[in-house]
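Welcome! Please take a look at the model below, and then let us walk through it together.

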Amino acid sequence: MNRKMDYDVIVVGAGPAGSTAAQCAAEQNVSVLLLEKDREIGVPVRCAEGISGRSLRQFVDPTMNSSRAWIGQEIQGARLIAPDGHYVDIFDDHIGYVLERRIFDRYLAQLAAESGAHVRTNCEVDGLLFDERNFVSGVRIRRGKKSERIQAKVVIGCDGVESRIGYWAGLKTTLRPKDMESCYQYTAAHPDINENLCQFYVGSNYAPGGYAWVFPKGKGIANIGLGISGGQSDLNKNAKQILDQFMSVHFPKAEILSAICGGVPVALFMKRMVSDGIMLAGDAAHQVNTMTGGGIASGMFGGREAGRIAAEAVIEDDVSCSRLSNYHDRWEKVQGKKLRRYDRLAQAVEKIDDETFNRTCTLLQKIDPKELTLGTVFKTALKHEPKLLVEVAKIFFHQTFS
Ligand SMILES: Cc1cc2nc3c(=O)[nH]c(=O)nc-3n(C[C@H](O)[C@H](O)[C@H](O)COP(=O)(O)OP(=O)(O)OC[C@H]3O[C@@H](n4cnc5c(N)ncnc54)[C@H](O)[C@@H]3O)c2cc1C
């Protein structure tokens with residue numbers, strides 16, 4: 001049924017998932033509207049901003065001139081700090097980046113606009129429209145005191161961790177408290193920040209059920225934060241109090257430049273991300289690596305596939321759940337197996353005690369630092385103590401760098 005619509009595709013939320021979805025749909029010459037509730041795309045930033053070089057390069061080129069604005073720091077290696085304070089450094093070629101999300105997100109929206117998408121900020125979607133078949137057929141937006149209805153053949157919900165689009169569409173979006181990690185982070189100036197390394201503090205004394213991170217954003221400045229599992233209900237401290245304690249011990253001279261709090265969905269991605277006329281991508285579909293909490297790259301992947309498949313479905317004039325399910329199938333094929341494996345590792349790692357982390361670190365310290373690449377870490381851990389392999393995998397390979 002060919003209907004007159006305002007747009008072929010509406011994307012809700014201009015984060016990494018939404019802008020990528022809008023760009024990829026618009027590249028196929030369908031009409032696209034990208035809606036963002038905030039006045040400014042990229043603000044506020046609720047992220048430690050780390051991403052692996054390999055992941056980033058799938059979507060944008062970090063070596064081109066304009067990338068200098070959205071790369072905060074190129075990272076050469078990772079430092080793992082055990083509960084007893086011993087640490088081990090691992091270097092690899094161009095292991096990753098700490099982004100300037102404020103600029104990066106705006107750059108992605110610019111790419112969407114260059115591909116032909118219309119972008120509207122300060123537009124909060126506060127409801128979905130449904131047609132007589134009960135297909136999602138558009139959105140209702142609020143702009144100041146005004147309300148407007150905009151029709152579309154497909155709506156892609158990329159409205160982040162607090163997504164309501166999926167819920168309104170009848171998809172099962174609920175999370176158990178234990179599936180939500182609560183995070184607190186400072187961007188802080190401190191003379192002892194090592195600008196080449198991302199640092200990970202693992203163990204219950206740093207962050208119960210999670211980890212603490214120090215991601216440099218240049219010399220003497222870093223995102224310093226931690227996430228604690230929502231399953232730790234017996235804690236009598238919140239993430240901010242635990243971080244303040246961490247800062248006073250490890251970064252006593254820190255000057256706090258900004259503070260953020262935020263949640264990360266650490267449940268495995270949604271079993272159903274589509275319905276008639278509707279798709280979800282990014283945090284809205286829980287497309288996060290549950291072991292690390294990282295969701296920039298996986299959200300961009302979800303956005304890219306959702307955008308492409310939405311456009312194809314529009315062109316074929318079939319936006320039914322079964323046609324849009326190609327998106328889910330594609331997600332399963334490329335990300336499903338990998339993310340399930342990470343999730344199993346995450347569950348195994350949850351059971352590891354501080355003493356085991358200490359032993360892992362001591363073991364790795366015996367290796368010649370020149371030999372300490374990600375590959376040799378794996379091999380050595382396997383050779384000396386096979387069960388540590390799983391633990392090491394979490395700590396080094398799949399932290400932010402997945
Ligand atoms: C403290 C913290 C640290 C993190 N660190 C990392 C990290 O180092 N590396 C990593 O990969 N990931 C990290 N993450 C996770 C990462 O930030 C998210 O996975 C990622 O931002 C998800 O992208 P997204 O596009 O799905 O959602 P978002 O980036 O959240 O974008 C959603 C957008 O939708 C808009 N929106 C919401 N509702 C509406 C509405 N009704 N109408 C219109 N617009 C709406 C929002 O304003 C927002 O702009 C971290 C998260 C937290 C909380």
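Let us begin with helix 1 (residues 16-26): 11 of its 11 residues are buried, so the helix is largely enclosed by the rest of the structure. Here a residue counts as buried if 20 or more other C-beta atoms lie within 10 Å of its own, as exposed if 12 or fewer do, and as partly exposed in between, with C-beta atoms placed from the backbone. Helices (DSSP runs of H or I, at least four residues) and strands (runs of E, at least two) are numbered from the N terminus.

Before going further, a word on the model. It is a predicted one, in which local features need pLDDT of at least 70, side-chain atom pairs count only at pLDDT 80 or more, and totals for chains, interfaces and linings use all residues. Residues are numbered from 1 along each chain as its sequence is written.

What do the buried residues of helix 1 pack against? Their partners are strand 1 (7-12), strand 2 (32-35), helix 4 (101-114), strand 9 (146-157) and helix 7 (296-315). Among the buried residues of helix 1 are P16, G18, Q23 and C24.

Stepping back, the chain has 11 helices and 16 strands. Of its 402 residues, 50% count as buried. Residues 24 or more positions apart make up 71% of the contacts with a separation of 6 or more, a contact being two residues whose C-beta atoms, placed from the backbone, lie within 7 Å.

Helix 1 also matters for the ligand site. The ligand is surrounded by 38 residues, and the closest are G13, G15, G160, G282 and G295; a residue is near the ligand if its C-beta atom, placed from the backbone, lies within 6 Å of it. Elements giving two or more residues to this shell include helix 1, strand 3 (50-52) and helix 7. Helix 1 gives the most, with three residues. The shell holds 16 nonpolar, 14 polar and eight charged residues. In this division, Ala, Val, Leu, Ile, Met, Phe, Trp, Tyr, Cys and Pro are nonpolar, Asp, Glu, Lys and Arg are charged, and the others, Gly among them, are polar.

Next comes the largest nonpolar core, with 118 residues; V9, V11, V32, I156, L226, M279 and A310 have the most contacts inside it. Such a core is a set of buried Ala, Val, Leu, Ile, Met, Phe, Trp, Tyr and Cys residues joined through C-beta atoms within 7 Å. Helix 7 gives the most to this core, with 10 residues. Domain 1 (7-46 + 102-175 + 268-347) and domain 2 (76-98 + 177-266 + 348-397) both contribute, so the core lies between them; the domain bounds come from an automatic or database assignment. A310 touches V9, A25, V154, I156 and M279, leaving aside residues up to four places away in sequence.

| Hairpin | Residues between strands | Positive phi |
|---|---|---|
| strand 7 and strand 8 | five residues | N134, about 75° |
| strand 8 and strand 9 | two residues | G144, near 60° |

Strand 7 and strand 8 (residues 136-143) run antiparallel and are joined by six bridges, with V139 in strand 8 as the bridge partner of L128. Six bridges also join strand 8 to strand 9, again antiparallel, and R143 stands opposite K146 in strand 9.

Key
Two strands pair if DSSP finds at least two bridges between them.
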